[in-house]
Structures are given as C-alpha cells and as structure tokens.
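Biologist: I have a structure open that is new to me. Could you walk me through it?

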Amino acid sequence: MALLAALTLGAPAFAGPGHDHGDAPPAASSNGPQRLPDGSVFLPKPAQRQLGVRTVRAESGQHPRSTELDGRVVMDPQSGGRVQALIAGRVEAGPRGLPEPGQAVRKGEVLAWVQPAAAPLERASQSAQLAELRAAQQLAEKRLARLRELSDTIPRKDIEAAESEASSARARAQAIGAGLTNRDPLVAPVSGVIASSAVVAGQVVDAREVIFEIVDPQRLRIEALAYDPALLADIAGASVAVGDARVPLRFIGAARSLREQALPLAFGSQTQAQADALATLAVGQPLRVQVHSKSTVQAIAVPQSAVMKNAANQAIVWVKTQPEHFAPRTVTVVPLDGVRVAVTSGLKAGERVATQGATLINQVR
C-alpha cells in the first residue's frame, strides 16, 4: 500500500478532455493580437483584415510651412445680404407665403410685408387730416368746374390757379391715404437661398431688425483671424478640411484694422469643385484654417488619423516592421493641410505607416 501511494504521488497528472491545468499557454493566446514586452504589437493577418488595417509607404518631400488659425464660414458680400425692416410694424406673408430656410429666392422678389404700426392718437390725427384734405379737394374741384363754365369771361390765370389748387389737394390726400394703408415690402436684395428666418406671421418687429438672411451656397468665403501681422507677407495659400477631403483656398485679402486684437483674413474657392465642397458648410460654422507660407520644410506627409498618443502623451505612429508586427515610433509633427500632418523627425522614408486602424492597434494590450 505504501509503495502504491508513492507511485501515485510521483506520476504526472494529465488533463481530461476540455480541461487545462495551465502547464502550457493556450494556442489561441499565442496567435491572437497582443502587446509584446518591447512595446510593439503582434497582429495576425486575420486580425488585420478584421480591423481594416491599411498602411502607406512614407515618402519624404518639400512641404510648405503651415500655420493653423481659427476661422469661420461667412457669406460673400457680393452675393449675400440681409433683409431688414425699415419701419416698425406687423409682419404679413408675401405672395408665396413666408419663406422657409433653404428656399430659393430671386433678386427683387417680395418676401413679406410690414404693416406699419402707429399709435391710436397718431392714426386719428392722420385720419382727420385726410378728411380735411378730401374736403378741400372737393371744394377746389367744384370751384374749378365753375370757372371753366365761365372761361369766356374769367382770366386764364384764375383757371390755372384753381387747377393747381385742386391738383395739390388731391396729391396731399393721396399721400396721407397711402401712409395709412400702404405696407412696406421686404424685397430680396440678391438671388440665393434663405439662410435664416427670424419671424412668423403676425410678429411685430422694430425698424432695422434683421428679418431674413440670403446667401449663395456656391460663393461662400472663409474668414480666419491672424494674430501675427508678419504672416500677411508670407501667405501662399490655405486649405480647410471638409470631412475627409482637403479643400484648397485662394487668398483674397486681409483687413487693415484689428478685430478682437487680430487681423481678419479672407479666403475663397478657386474652382467649381472647391465651391461645391464649401457649399456643404453653414454660415457661421467654425473650422480650422491651414495657412500655407511660401517657405518649405523637408518632412514626411502622413494622414492625421495615423498620429496617436502613447501613455506619456507623446505623438506616435505605428510602423509595420514585419508582416504581423507593428512598432511605435515617437515623432514630431507640424500642421500641413488639415487632413495630413508633416512628420519632421522620428520616421524614416520607406517605412510603412498604419493609416487606417491605427487607433485599434494603439488599444491592443
């Protein structure tokens, strides 16, 4: 019995079907994505296809130095405008009803009416003055009729004076009547689409209040604020990111007066394709403008999505060193065009950089 017990304790134990005692790592863990001790990531080919990992070969070249500025979308002053009320009153719908945002309008089209608002005493005074003028008009017309019947014995100058008096009374009565009944039309100053509408039917508005804004989506501009006046002498162009696309801009000009301690810079589109891309933006939308200088820098351009942050908050990119291995590279980047960044150090030309799926690679632990 003692010998049997000793043999039993000294024999190795084997796991039954479906069990693992941990003596060897499972095959799945060695073939799955994992972070290696040196900080690199092992990512098998099936996992790369599932995560949608894509790489590009880094190429060094001359790229313009860029400065990132805060900007916003503004309307072109030649093709956009505001509709304001000249007098205080009540808003009434136009021939096609009150225009809605996005509705196309033509230059000179009546968008709405403003019924003048007057105090009761003022309106009563105007009504009394109108009644007096109409009575004077009737008397002048009757006197003119009598003088014309006696034209053979009455001097011509008396008849002409009576005609002038009757015409004057008629014109003054028409002017006062128009002031009581006429409405002020709100006319579209340009052709375009309604960008904003600030009224509803029956709303009371004040004089000089903005009622509608009209813009031409094909002629939008980008306004950026430059805090360094020396930047104006070295501007070669600019670009903005609209979604995943880079839209080049042409420099129109710069203001010579400060606004919020900065100089406003105006940029516009160059081609119809660029105008169509800017047409997807909204007036007043904030964005980042990349202003390109005439001087260049030797760097490697990579998509902005390829740049990640490590645990030390340093900028890194993932380089494919082997078919299933990715290594992090600490890099120094500067803005380029809103879609790409320029890597000035930390990356060599010819290395393959992960551009899609880099975020998922960075999360492998």
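**Rings, pockets and a loop**

Modeller: Phe251 is partly exposed, with a relative accessible area of 31%. Partly exposed lies between buried, under 20% relative accessible area, and exposed, over 50% (1.4 Å probe, protein chains only). This is a predicted model, where local features need pLDDT of at least 70, side-chain atom pairs count only at pLDDT 80 or more, and totals for chains, interfaces and linings use all residues. Residues are numbered from 1 along each chain as its sequence is written, and side-chain values use heavy atoms, with hydrogens and water left out.

Biologist: Which residue does Phe251 form an aromatic pair with?

Modeller: With Phe267; the pair is tilted, at 5.4 Å centre to centre and 50° between the planes. Rings of Phe, Tyr and Trp (its six-membered ring) pair if their centres lie within 6.5 Å; planes under 30 degrees apart count as stacked, over 60 as edge-to-face and the rest as tilted. The structure holds 1 aromatic pair.

Biologist: Is Phe267 buried or exposed?

Modeller: Phe267 is buried, with a relative accessible area of 0%.

Biologist: What about the whole chain, how much of it counts as buried?

Modeller: Of its 365 residues, 34%. The chain has 7 helices and 23 strands.

Biologist: Changing topic, what volume does the largest pocket have?

Modeller: About 200 Å³. On a 1 Å grid over the protein atoms alone, a pocket is an open set of points with protein on both sides within 12 Å along at least five of seven lines, while a cavity is a set where a 1.4 Å probe fits but cannot get out; lining residues have an atom within 4 Å of a point. Grid points are joined across faces, edges and corners, and a volume is the space filled by probe spheres set on the points.

Biologist: How do the lining residues of the largest pocket divide?

Modeller: Into 11 nonpolar, 1 polar and 5 charged. Ala, Val, Leu, Ile, Met, Phe, Trp, Tyr, Cys and Pro count as nonpolar, Asp, Glu, Lys and Arg as charged, and the others, Gly among them, as polar.

Biologist: And what lines the second largest pocket?

Modeller: 13 residues, with Arg35, Asn310, Ala311, Ile316 and Asn362 nearest its centre. The volume of the second largest pocket is about 170 Å³. β20 supplies the largest share of its lining, 3 residues.

Biologist: One more: where does Ser40 lie?

Modeller: In the loop between β1 (34-35) and β2 (41-42). Ser40 is buried, with a relative accessible area of 9%. Its side chain is joined to that of Asp38 by a polar contact of 2.7 Å. A polar contact is a pair of N or O atoms within 3.5 Å; within protein, one must be able to donate a hydrogen and the other to accept it, and residues adjacent in sequence count only if both atoms are side-chain atoms.

Technical notes: Helix = DSSP H or I, 4+ residues; strand = E, 2+ residues; numbered from the N terminus.
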